[in-house]
Amino acid sequence: PILVLAAVLPWQFFSAALSESSSSLIGNANLISKIYFPRLIIPCAAVVTSLVDFLITLGMLAVLMLWYGFAPGWQLLVLPLFVLLTFGLSVGLGLLLAALNVEYRDFRYIVPFIVQFGLFISPIAFTTANVPERWRTLYALNPLVGIIDGFRWSILGGSTPLDPQLLSLSVAVTASFLFLGVWYFRRMERSFADVI
């Protein structure tokens with residue numbers, strides 16, 4: 001149960017943040033069209049709200065670990081870095097999808113499909129070690145692979161392996177999505193009030 005919950009936690013944080021941030025601009029259309037303020041705040045606030053939910057669920061994981069008598073190792077100190085990585089991925093993709101959702105209104109129907117598909121291509125019910133070695137690099141293009149493996153590694157005390165190559169690929173893809181999301185959001189931001 002701890003192995004699966006350690007993977008479900010970052011997935012829930014990411015999927016909730018992505019769903020909420022992608023629809024945040026449409027949901028706050030009245031606010032955007034009336035006054036000017038940094039509109040980047042709206043999708044980021046949705047991600048922060050999901051972060052609070054994540055922290056509460058993390059407390060439930062701690063209770064479960066006590067129940068099973070499982071004590072994490074020193075790797076738990078690295079957990080905030082993986083939370084930050086998940087936050088960055090959520091913000092980057094959330095900004096990108098929020099801007100696309102304003103520009104193309106039918107895009108909101110694609111977001112639940114992306115979230116559902118992401119569940120099946122992320123190592124939640126299995127570990128990355130179950131993926132054949134020749135496909136692991138391609139598989140790690142899903143940035144959640146390195147993030148979920150990192151969560152498991154830090155929570156389970158190193159009992160699950162952490163591949164530095166796959167982790168660095170996840171960090172690179174997350175940084176790319178963050179840059180792309182901020183760039184595209186800033187590029188489209190001027191037209192939000194007119195389009196909404």
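Hi everyone, some housekeeping before the tour. The model is predicted, so local features need pLDDT of at least 70 and side-chain atom pairs count only at pLDDT 80 or more, while totals for chains, interfaces and linings use all residues. Residues are numbered from 1 along each chain as its sequence is written, and side-chain values use heavy atoms, with hydrogens and water left out. When I say helix, I mean a DSSP run of H or I of at least four residues, numbered from the N terminus.

Let's start with helix α5, residues 79–103. The expected span of a helix is 1.5 Å times one less than its number of residues. How many residues of α5 are buried? Buried means under 20% relative accessible area, with a 1.4 Å probe and protein chains only. The count is 20 of the 25, so α5 is largely enclosed by the rest of the structure.

Next comes helix α8, residues 143–155. Its 13 residues should span 18 Å, and its end C-alpha atoms lie 19 Å apart, which agrees. Here 13 of the 13 residues are buried, so α8 too is largely enclosed by the rest of the structure. After α8 you'll find Gly157, which has a positive phi, near 70 degrees.

Two packed helices are described by the angle between their axes and the distance between the axes. Our axes are lines fitted to C-alpha atoms over the stretch in contact, with angles from 0 to 180 degrees between N-to-C directions. The axes of α5 and α8 come within 9 Å and cross at roughly 160 degrees. That makes α5 and α8 roughly antiparallel, a label for angles over 145 degrees. The crossing is left-handed, meaning that the near helix is turned anticlockwise from the far one by less than a right angle; clockwise would be right-handed. Contact means heavy atoms within 4.5 Å. Among the α5 residues that meet α8 are Phe82, Leu85 and Leu89, and the α8 side includes Ile147, Phe151 and Trp153.

α5 has another partner, helix α4, residues 41–67. α4 and α5 pack at an angle of about 145 degrees with their axes 10 Å apart, and this crossing is right-handed. The α4 residues here include Val47, Leu51 and Phe54, and those from α5 include Phe87, Val91 and Leu95.

Ala6 sits in α1 and is buried at 0% relative accessible area. In sequence Ala6 is 146 residues from Arg152, yet their C-alpha atoms are 5.5 Å apart. Leaving out residues up to four places away in sequence, Ala6 touches Phe151, Arg152 and Ile155.

Ala7, also found in α1, is buried at 0% as well. By the same rule, Ala7 touches Pro123, Ile124, Ile148 and Arg152.

A polar atom of the Ser22 side chain lies 3.0 Å from the backbone oxygen of Ser19. Further along the sequence, Ser22 touches Gly94, Leu97, Ala98, Asn101 and Val111.

How values were computed
Helix = DSSP H or I, 4+ residues; strand = E, 2+ residues; numbered from the N terminus. Buried < 20%, exposed > 50% of the residue type's maximum accessible area, 1.4 Å probe, protein only. Polar contact = N/O pair within 3.5 Å; in protein donor to acceptor, adjacent residues only side chain to side chain. Parallel < 35°, antiparallel > 145°, perpendicular 65-115°, else oblique.
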